Amino acid sequence: MSEDVKNSADKKEEGLPRLEISEIYRAAAVLSDVARHTKLMAMPLINPDVPLYIKPENMQHTGAFKLRGAYYKISQLTPEERAKGVIACSAGNHAQGVALAATHNGIRSLICLPAGAPISKIEATKRLGAEVCLVPGVYDDAYQKAVDLQKEHGYTFIHPFDDPKVIAGQGTIALEILEDMPDVEAVVVPIGGGGLIGGIAFALKQLKPEVKVYGVQAKGAPSMAESVEKGERVHLDQVATVADGIAVKEPGRLTFDLCEKYVDEIVTVSDDEIAAAILALIEQQRLVAEGAGAVAVAAVMFNKLPLKDVKTVALVSGGNIDVTNLNRVITRGLVKSGRIADLRLEVRDQPAVLSSIANILGALGANILSVHHERHSASKNINDCIVHIEAETRNAEHIAAIEKALTEAGHEVVLRR
């Protein structure tokens, strides 16, 4: 390393608190009677080329890993800080972790949540004993409101990711992975603000540096990916993704530094890929994951990372999905996985045409869900009409075979989703 580069690195670290591996072991001791040691589960069907296991943190008491960092941070507060109460901001999961930890320790808690947070997360936070302040906008808006209230009332602020004790709590996951699978070769972790991957990557690189650590973000909220690529923290003007738990506009200072040092690669996945991963977890393990919780599985499922024949653990970070949104997510997952075919055909408007189409689909084993016949549509030929068919299918290859058979029978497929 040149002297100029070394000086630049030193300046970048200036003022940042240090994270020590001993802190993560202390956190593990504190959490031993609080957080579940979630056991690894084999997922052989997600990607046949990858020996994949998941760590289901959606099975934690609050439905997400956030309990770890929040509880450890609150457990270390001074008597003076406890007396003032705590405040936090969250898209939902950190809120529940703070609420449970504060209530368990007899401390008052106030949580600022984005007004658009899932109702299930808002109500769960209240049930765990916290006061809730809903803030218009996304996580970053809730964060600013929490900062303002903290200054006004003197609360102790519990940051969701950019705090060394919170990060140490999340890092206990790495200790459990190494305990359960000492020969692990790669760990894939969701990224929002970076506290989870920061703690896991730091611990793994201290204890077993040859393990690859990969991060995954939603395409609609790639703040850490863009920050690491540019070598400085990036603030996104807007974020939009089904993975609301990782919809963060800007990573933290400490978490960005940890990701630059210890994370091998960061990739992104689309909302459709996330939906397909949620569906796969439901079908293969009967596990419900939220959008943020499924991004690591999506990255493995759609070959975003070099994991062929690599013994891999993917973290399912949370399962607090709003049930009112689950049906839409499952439908998107079915389409992305080739389990639903959405076909639009231009056909001759004459007797037996619909029967012919139905026979072709039936012969190939597709189950028709709906048929919409548009006689007055703007088709190319005046004697033609549009038939819109939705059918249950097995996979993308099955849909391609159906499309080929329809075309060979003289039915033009003008649109396929």
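Is Glu-57 buried or exposed? Glu-57 has a relative accessibility of 0% and therefore counts as buried, where buried means under 20% relative accessible area, exposed means over 50% and partly exposed lies in between (1.4 Å probe, protein chains only). The model is predicted: local features need pLDDT of at least 70, side-chain atom pairs count only at pLDDT 80 or more, and totals for chains, interfaces and linings use all residues. Residues are numbered from 1 along each chain as its sequence is written, and side-chain values use heavy atoms, with hydrogens and water left out.

The overall layout comes next. The chain has 16 helices and 14 strands; helices (H or I, at least four residues) and strands (E, at least two) are DSSP runs, numbered from the N terminus. The C-alpha trace spans about 80 × 45 × 45 Å along its principal axes. Of the 417 residues in the chain, 54% are buried. Among contacts (heavy atoms within 4.5 Å) between residues at least 6 apart in sequence, 73% join residues at least 24 apart.

Back to Glu-57, which is found in the loop between E2 and helix H3 (66-75). Its side chain and that of Thr-38 are joined by a polar contact of 2.5 Å. A polar contact is a pair of N or O atoms within 3.5 Å; within protein, one must be able to donate a hydrogen and the other to accept it, and residues adjacent in sequence count only if both atoms are side-chain atoms. Leaving aside residues up to four places away in sequence, Glu-57 touches a set that includes Arg-36, Thr-38, Phe-65, Arg-68 and Ile-173.

Lys-55 sits in strand E2 (residues 52-56). Lys-55 is buried too, with a relative accessible area of 0%. The side chain of Lys-55 reaches the backbone oxygen of Thr-38 at 2.5 Å. Among the residues that Lys-55 touches, not counting those up to four places away in sequence, are Thr-38, Arg-68, Ile-173 and Glu-176.

Helix H10 (residues 223-230) has Ser-223, Met-224, Ala-225 and Ser-227 buried. The buried residues of H10 pack against strand E8 (212-218), helix H11 (253-262) and strand E9 (265-269). Just after H10, Gly-231 takes a positive phi of about 80 degrees. Glu-260 lies in H11, and at 30% relative accessibility Glu-260 counts as partly exposed. Glu-260 and Ser-227 are 33 residues apart in sequence and 9.1 Å apart in space, C-alpha to C-alpha.

Helix H16 (residues 396-408) has 13 residues and reaches 18 Å from its first C-alpha to its last, close to the 18 Å expected at 1.5 Å a residue; the expected span is 1.5 Å times one less than the number of residues. His-398, Ile-399, Ile-402 and Leu-406 are buried in H16. Seen down the axis of H16, these buried residues fall within an arc of 100 degrees, so they line one face of the helix; the arc is that of the directions from the helix axis to the C-beta atoms. An α-helix has 3.6 residues a turn, so residues three or four places apart point the same way. The face of H16 turned away from its buried side carries the exposed residues Glu-397, Lys-404 and Glu-408. On the buried side, the packing partners are strand E11 (340-348), helix H15 (353-363) and strand E14 (412-416).

Asn-395 caps the N-terminal end of H16, with a side-chain oxygen 3.2 Å from the backbone nitrogen of Glu-397. Just after H16, Gly-410 takes a positive phi of about 95 degrees.

Asn-395 also belongs to the lining of the largest pocket, where it is one of the residues nearest the centre, along with Ile-46, Met-301, Phe-302 and Ser-337. On a 1 Å grid over the protein atoms alone, a pocket is an open set of points with protein on both sides within 12 Å along at least five of seven lines, while a cavity is a set where a 1.4 Å probe fits but cannot get out; lining residues have an atom within 4 Å of a point. The largest pocket holds about 370 Å³ of space; grid points are joined across faces, edges and corners, and a volume is the space filled by probe spheres set on the points. Helix H12 (271-285) and H16 each supply at least two lining residues, and H12 gives the most, with five.

A search of the whole structure finds one cavity of 30 Å³ or more. The largest cavity has a volume of about 290 Å³, and Phe-65, Lys-66, Gly-192, Gly-245 and Ile-246 lie nearest its centre among 26 lining residues.
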